Each structure stands twice: as structure tokens, then as C-alpha cells.
Amino acid sequence: MTAASVFYDAVLATIGMKPVFFETHERGYAGPDGRVTVFVVTPYNGQEATFGNGTQFMFYAPDKDGVQAFHETALRCGGTDEGAPGPRDYHPDYFGAYARDLDGNKLNVSVSLEGKR
């Protein structure tokens with residue numbers, strides 16, 4: 001859990017989230033509204049953590065700089081690149097990036113540029 005905590009403390013801080021719930025086998029992260037919306041837990045069955053093929057966790061950044069910082073921090077903290085920050089053809093106002101965490105979970109961070117140009 002320690003490596004995952006260090007990773008997620010740094011990465012989620014780039015989009016305004018911080019750890020607010022601490023137990024031996026879990027850590028909860030909240031955004032500025034104080035609501036815990038992300039938990040990092042040790043698998044209850046005692047087995048090694050694995051990722052879900054076809055699964056991704058989505059986060060929203062406040063702006064393009066937040067997307068960039070999230071991606072850069074994920075890579076600096078040991079994650080792997082799954083798609084550099086930039087526009088995608090999902091919709092005209094989309095700007096996002098992809099990375100994998102230490103256990104191989106796919107992370108997506110994005111912002112809608114509508115009204116932010």
C-alpha cells in the first residue's frame with residue numbers, strides 16, 4: 001500500500017484531490033468538496049493487486065495544465081505512458097491524457113475546453 005499511497009498522493013494532488021481517510025488497508029481521496037470519491041485498497045483476498053482489462057479510471061482536471069501535471073506526475077512516480085496530453089477526436093472540446101499506475105490500472109484525466117479558450 002505504501003508505494004500506491006505515494007503514487008496517488010502525488011498524482012491526485014495535481015487535480016486538487018488529497019488523502020482524507022486512512023486505515024491500515026485503505027486510503028480515501030477527496031476533491032475540494034470534501035467527498036471521498038477514490039479509494040486505494042489492499043485486495044481483501046490477500047492476493048496481488050491486478051488491473052482489469054478494458055477498465056479505466058477517469059478523473060477531471062480543472063484545466064489543460066492540470067492534465068499535463070497529472071500525466072507528468074504519474075510518469076515521474078513510476079507509472080507508464082498510455083497517451084500523452086492532447087486533443088482527441090472524441091469531441092471537439094476534449095483535452096486529455098492516459099497513464100497506467102504501479103499495478104497497471106489505466107488512468108484517464110481530461111478537461112473540456114468549452115468556454116476555456
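**View 1. Glycine 96 sits in strand β6.** Welcome to this predicted model, where local features need pLDDT of at least 70, side-chain atom pairs count only at pLDDT 80 or more, and totals for chains, interfaces and linings use all residues. Residues are numbered from 1 along each chain as its sequence is written, and side-chain values use heavy atoms, with hydrogens and water left out. Strands (E, at least two residues) and helices (H or I, at least four) are DSSP runs, numbered from the N terminus. With a relative accessible area of 0%, glycine 96 is buried; that word stands for under 20% relative accessible area, exposed for over 50%, and partly exposed for in between (1.4 Å probe, protein chains only). Apart from neighbours within four places in sequence, glycine 96 is in contact with Val67, Ala84, Pro85, Gly86, Arg88, Val109 and Ser110, contact being heavy atoms within 4.5 Å.

**View 2. Helix α2 has a buried face.** This helix has 13 residues, and its first and last C-alpha atoms are 18 Å apart, close to the 18 Å expected at 1.5 Å a residue. The expected span is 1.5 Å times one less than the number of residues. Gly66, Val67, Phe70, His71, Thr73 and Ala74 are the buried residues of α2. Looking down the axis of α2, these residues fall within an arc of 165 degrees, so they line one face of the helix; the arc is that of the directions from the helix axis to the C-beta atoms. Asp65 and Arg76 are exposed on the other side of α2. The cover over the buried residues of α2 includes α1, β4, β5 (80–87), β6 and β7.

**View 3. Helix α1 covers residues 2–13.** Buried here are Ala4, Ser5, Phe7, Tyr8, Val11 and Leu12. Down the axis of α1 they fall within an arc of 165 degrees, so they line one face of the helix. Thr2 and Val6, on the other side of α1, are exposed. Among the elements covering the buried residues of α1 are β2 (26–30), β3 (36–41) and α2 (64–76).

**View 4. Alanine 4 belongs to helix α1.** Alanine 4 counts as buried at 15% relative accessibility. Beyond its neighbours within four places in sequence, alanine 4 is in contact with Val40 and Leu102.

**View 5. The largest pocket holds about 520 Å³ of space.** A pocket, on a 1 Å grid over the protein atoms alone, is an open set of points where a 1.4 Å probe fits, with protein on both sides within 12 Å along at least five of seven lines; lining residues have an atom within 4 Å of a point. Grid points are joined across faces, edges and corners, and the volume is the space filled by probe spheres set on the points. Of the 20 lining residues, Val40, Val41, Ala49, Asp103 and Asn105 lie nearest the centre of the largest pocket. Elements giving two or more residues to this lining are α1, β3 and β4.

**View 6. Aspartate 103 lies in the loop between β6 and β7.** Aspartate 103 is partly exposed, at a relative accessible area of 35%. Setting aside neighbours within four places in sequence, aspartate 103 is in contact with Ala49, Thr50 and Phe51.
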